[in-house]
Amino acid sequence: STIQATWLHGASAKGLKAKVEVRMTPMRTTFKGYKGFVFDSPIRSGASANRTVFSGILDKNGEARFRSKTSDIKEAAGKLKAHYFTKVYEKGGDFSVDRKVASYSPYSTYVGIECPKRSIYDNTLVTDKKHKFNLVTVNDGGKLKKNRRLNVKIYKVSWNWWYDGHEDLASFTARQGTILVKDTNIVNANGRTQFEYKVKRH
């Protein structure tokens with residue numbers, strides 16, 4: 001990344017101190033042509049606190065180059081928004097501020113799932129009936145990626161909404177009493193695949 005500072009009359013702000021901070025926040029991951037598919041993980045977040053990615057002196061052109069380290073960003077649900085906050089300090093102590101937002105992709109591959117049509121009343125699936133789930137794998141630009149090995153897991157969880165509604169799904173998959181009811185591997189030869197699952201009444 002590059003920052004460049006100039007005075008109002010156009011001259012470069014050479015030799016001034018600058019500081020750049022960045023904060024990552026989740027954003028909805030979507031790709032053209034895949035309406036109805038969900039690409040964000042419900043058990044991850046990926047948000048981060050403000051951190052300094054550059055602190056130094058601008059060169060003779062009023063510029064500085066830096067790399068936004070992202071190795072500490074783990075468990076992102078999908079794509080992220082990078083909020084950059086830049087300060088350039090004048091010799092007298094005053095400073096100018098600039099804010100910029102950019103999208104960031106922490107992964108090279110995304111898996112999307114399209115769930116079958118559910119009840120319009122309570123968002124549930126009919127029991128004792130096979131339901132078809134569609135899966136796709138794409139790169140960060142939305143192009144299909146073929147021959148990817150996918151692991152599909154389905155859990156049965158107990159969710160008392162009046163008591164447990166504040167918990168996230170990550171806590172449910174790890175808690176005692178959660179039952180793994182399906183665990184299978186699928187290879188999507190052409191970038192698309194599907195699997196079926198019957199929700200049992202009991």
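What share of the contacts in the chain with a separation of 6 or more comes from residues 24 or more positions apart? They account for 71% of those contacts, where contact means heavy atoms within 4.5 Å. This is a predicted model, in which local features need pLDDT of at least 70 and side-chain atom pairs count only at pLDDT 80 or more, while totals for chains, interfaces and linings use all residues. Residues are numbered from 1 along each chain as its sequence is written, and side-chain values use heavy atoms, with hydrogens and water left out.

**The chain overall**

- The chain has 2 helices and 11 strands. Both are DSSP runs, numbered from the N terminus: helices are H or I with at least four residues, strands are E with at least two.
- From the N terminus on, the order is β-β-β-β-β-β-β-β-β-α-α-β-β.
- Of the 202 residues, 28% count as buried. Buried means under 20% relative accessible area, exposed means over 50%, and partly exposed lies in between (1.4 Å probe, protein chains only).
- The chain's accessible surface comes to about 14000 Å². Carbon and sulfur atoms hold 49% of that surface. The areas come from the Shrake-Rupley method with a 1.4 Å probe, and for residues only the protein chains shown count as cover.

**Nonpolar cores**

- A nonpolar core is a set of buried Ala, Val, Leu, Ile, Met, Phe, Trp, Tyr and Cys residues joined through side-chain atoms within 4.5 Å.
- The largest one has 18 residues. Ile3, Val20, Phe54, Leu58 and Phe66 have the most contacts inside it.
- Strand 2 (17-26), strand 3 (51-57) and strand 5 each give two or more residues to this core.
- Phe54 touches Ile3, Ala18, Lys19, Val20, Ala64, Arg65 and Phe66, leaving aside residues up to four places away in sequence.

**Strand 2 and its partners**

- Two strands pair if DSSP finds at least two bridges between them.
- Strand 2 pairs with strand 3 in the antiparallel sense over 6 bridges. Here Ala18 has Gly56 in strand 3 as its bridge partner.
- Strand 2 also pairs with strand 5, again antiparallel, over 10 bridges. Glu21 stands opposite Phe85 in strand 5.
- In a regular strand the side chains alternate between the two faces of the sheet.

- Thr86 lies in strand 5 (residues 80-89). Thr86 counts as buried because its relative accessibility is 12%.
- Beyond residues up to four places away in sequence, Thr86 touches Ile3, Lys19, Val20, Ser96, Val97 and Asp98.
- Lys19 has a relative accessible area of 30%, so Lys19 is partly exposed.
- The structure holds 1 salt bridge. That means a side-chain nitrogen of Lys or Arg within 4 Å of a carboxyl oxygen of Asp or Glu.
- Glu21 forms the salt bridge with Lys19, and the closest N and O atoms are 3.8 Å apart.
- Side chains of opposite charge can pair when their charged atoms come close.

- An open sheet is formed by 3 strands in the order 7-8-11, with antiparallel pairing.
- Strand 7 (109-114) and strand 11 (192-198) stand at the edges. Each has a single partner strand, so one side of each is left without a neighbour in the sheet.
- Neighbouring strands of this sheet are turned by 25° against each other on average, direction ignored. Axes are lines fitted to C-alpha atoms, for helices over the stretch in contact, and angles run from 0 to 180 degrees between N-to-C directions.
- Strand 7 pairs with strand 8 (residues 130-139) over 6 bridges in the antiparallel sense. Gly112 stands opposite Val136 in strand 8.
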